[in-house]
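Welcome! Take a moment to look over the chain below, and then let us walk through some of its features together.

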Amino acid sequence: MTTFVWKMHRDASELLGAVRTQPSLEVCPEGDTVWIRCEDANDEIQQAFLQLPVVHSIATDDGQLIKRGTRVPHGYVAEGPWIPIAQWIEVKLPIAGLSGIAPSPIPVELVRSETFETPQLLKTNIQVWTQYAVAAPRIRLDRLAFAARADGTVFVWGEPLPPIFGKRFVVHGRVAVEAGWTWQPAVDVGVLEAVLAIDPGYLAVMEEGGHWLSLADEGFVQATRSAVRTTSEELGYVC
């Protein structure tokens with residue numbers, strides 16, 4: 001059984017209204033943070049949280065957290081108490097109403113950009129990345145770092161990016177937006193980071209269609225031939 005854990009800033013917690021009818025979700029408010037957990041989250045729940053400004057993690061049996069896109073445990077899930085999400089939202093809404101009208105979350109959407117910007121992040125797969133890296137000159141790899149996910153997705157970060165198949169992103173502060181797109185409303189990137197509740201040490205990756213995920217800086221390692229081969233073998237791909 002897999003325990004899915006999401007963490008978001010409390011200021012954005014009203015967005016949880018979109019999933020409040022999911023009976024398997026539990027919530028644990030802790031200071032400025034709201035934790036949400038679910039045993040064996042189905043596809044509907046996982047897709048719903050891809051639309052929310054949360055940090056995605058998996059909890060091990062002893063409560064350690066492994067953030068999405070990484071393999072190393074980082075901290076522990078909140079001890080509780082945990083309450084059903086519908087119960088927590090029912091209690092919270094009347095209290096918020098006492099201080100006036102709560103501000104609406106800023107809707108963020110991606111729109112086509114007419115400005116060309118050099119991308120610094122590439123999303124590809126382990127096969128394509130390995131085939132390139134094992135033959136690439138060291139001077140090209142020295143400028144790159146990469147992170148791999150269990151499903152074989154690889155993110156390559158640096159400049160210049162390798163000329164291989166994949167989706168490219170332009171990095172603004174702690175937010176990477178798919179090349180050729182920009183966000184609306186056109187607020188400062190610092191405001192966007194706050195809206196997405198991006199913690200220091202993380203990078204939000206936004207794709208066309210509004211999907212986004214967060215990557216931990218510590219999940220990236222220097223690109224070397226040996227590091228790429230080792231990762232490739234761990235993921236079951238042999239070049």
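## The sheet

Two strands are said to pair if DSSP finds at least two bridges between them. Strands (E, at least two residues) and helices (H or I, at least four) are DSSP runs, numbered from the N terminus. This is a predicted model, in which local features need pLDDT of at least 70 and side-chain atom pairs count only at pLDDT 80 or more, while totals for chains, interfaces and linings use all residues. Residues are numbered from 1 along each chain as its sequence is written, and side-chain values use heavy atoms, with hydrogens and water left out.

With that in hand, look for an open sheet of six strands: its order is E5-E4-E1-E3-E2-E6, and the pairing is antiparallel. Strand E5 (65-67) and strand E6 (83-84) are at the edges with a single partner strand each, so one side of each has no neighbour in the sheet. Strand E1 (residues 3-9) pairs with strand E3 (residues 33-39) in the antiparallel sense over seven bridges. Met8, for instance, has Val34 as its bridge partner in E3. Helix H1 (residues 43-50) packs on this sheet and touches E1, E3 and strand E4 (55-59); contact here means heavy atoms within 4.5 Å. The direction of H1 makes about 25 degrees with that of E1.

## Two packed helices

Helix H3 (residues 126-133) and helix H6 (residues 225-234) pack with their axes 10 Å apart, at an angle of about 150 degrees. Axes are lines fitted to C-alpha atoms, for helices over the stretch in contact, and angles run from 0 to 180 degrees between N-to-C directions. H3 and H6 are therefore roughly antiparallel to each other, a term for angles over 145 degrees.

On the H3 side, the contact is made by Ile126, Trp129, Thr130 and Ala133, and on the H6 side by Arg225, Val228, Thr231 and Ser232.

## A salt bridge across the chain

A salt bridge is a side-chain nitrogen of Lys or Arg within 4 Å of a carboxyl oxygen of Asp or Glu. By this rule there are seven salt bridges. In one of them, the side chains of Asp199 and Lys7 meet at 3.8 Å, N to O. This pair links distant parts of the chain, 192 residues apart: Asp199 is in the loop between helix H5 (189-195) and strand E14 (202-206), and Lys7 is in strand E1.

## Cis peptide bonds

Most peptide bonds are trans. Here, the bond from Gly80 to Pro81 is cis, with omega near 10 degrees, and Pro81 is found in the loop between E5 and E6. The bond from Glu159 to Pro160 is cis too, with omega near 0 degrees; Pro160 lies in the loop between strand E10 (153-158) and strand E11 (167-172).

Terms used. Parallel < 35°, antiparallel > 145°, perpendicular 65-115°, else oblique.
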